[in-house]
Amino acid sequence: MKLNEIRDNEGAHKKRMRVGRGPGSGKGKTAGRGVKGQKSRSGVAIGGFEGGQMPLYMRMPKRGFNNPNALKLAEVNLWRLQEAIDAKKLDAKAEINGEALVAAGVIRRVKDGVRLLGTGEIKAKLNLVVWSATAGALKAIEAAGGSVEQQRIAAEAKAAARVEKRNAAKGKAPAPKAPLGDANKVSARAKRTAAK
């Protein structure tokens with residue numbers, strides 16, 4: 001066999017329909033677009049036009065917000081970790097991080113980090129390093145005698161220090177921290193009512 005003799009299998013590629021090539025082709029004359037009118041031409045958005053009244057998609061309220069900078073996290077539940085340990089895919093004695101979870105087949109990829117969720121139960125004593133964990137997951141891991149290192153806490157502290165350093169360089173005073181306790185939980189409406 002030579003390079004010029006290599007061919008795809010029969011039927012591997014379907015040929016594109018060539019329109020407007022005469023009436024004998026079945027897609028000649030109007031090229032499958034019917035006859036005349038706005039919809040027979042390109043660039044038509046007639047579905048969004050309601051005769052001049054405000055279209056439905058513009059009458060509906062906007063909801064929510066999609067943060068373009070939000071982290072995409074791989075989520076792992078406790079039952080999935082226990083399942084991997086029982087199957088001897090994860091070593092409970094070693095430190096378990098994103099790379100170890102990928103190698104064990106628990107998650108497909110690390111993405112921006114791993115988030116630990118609290119569904120299921122865990123019996124093994126684990127030492128986990130994850131981006132973040134829910135309160136329920138933390139409680140369950142610690143109850144089993146394990147520990148969870150959250151990278152998010154260190155990252156947030158680092159970012160706060162960076163902002164503080166930048167503000168100090170510009171001569172800005174650090175922002176006052178809100179007082180803890182019940183005084184911090186008073187709603188804006190309650191404050192307005194008290195002011196009256």
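Reader: Hi! In what order do the three strands of the open sheet sit, and how do they pair?
Author: The order is 2-4-6, and the pairing is parallel. Keep in mind that this is a predicted model.

Reader: OK, which strands stand at the edges?
Author: Strand 2 (95-96) and strand 6 (147-150) do; each has a single partner strand, so one side of each has no neighbour in the sheet.

Reader: And how many bridges join strand 2 to strand 4?
Author: Two, with strand 4 covering residues 127-130. As for Glu95, its bridge partner in strand 4 is Asn127.

Reader: Switching to helix 2, which residues are buried there?
Author: In helix 2 (residues 78-86), the buried ones are Leu78, Leu81, Gln82, Ala84 and Ile85.

Reader: Why are they on the same side of the helix?
Author: Because they cover an arc of only 160° around the axis.

Reader: What do they pack against?
Author: Strand 1 (74-77), helix 3 (98-104), strand 3 (114-117), strand 4 and helix 4 (135-143).

Reader: What follows helix 2?
Author: Lys88, which has a positive phi, near 65°.

Reader: Now the largest nonpolar core: which residues touch the most other members?
Author: Leu81, Leu90, Leu101, Leu116 and Leu126, out of 24 residues in that core. Helix 2 supplies the largest share, four residues.

Reader: Back to Leu90, what is it in contact with, leaving aside neighbours within four places in sequence?
Author: Leu90 is in contact with Leu81, Ala84 and Ile85, along with Ile96, Ala100, Leu101, Ala104 and Val106.

Key. Residues numbered from 1 in each chain as written. Predicted model: local features only at pLDDT ≥ 70, side-chain atom pairs only at ≥ 80, totals over all residues. Heavy atoms only, no water. Pairing = 2+ DSSP bridges. Buried < 20%, exposed > 50% of the residue type's maximum accessible area, 1.4 Å probe, protein only. Arc of directions from axis to C-beta. Contact = heavy atoms within 4.5 Å. Core = buried A, V, L, I, M, F, W, Y, C linked by side-chain atoms within 4.5 Å.
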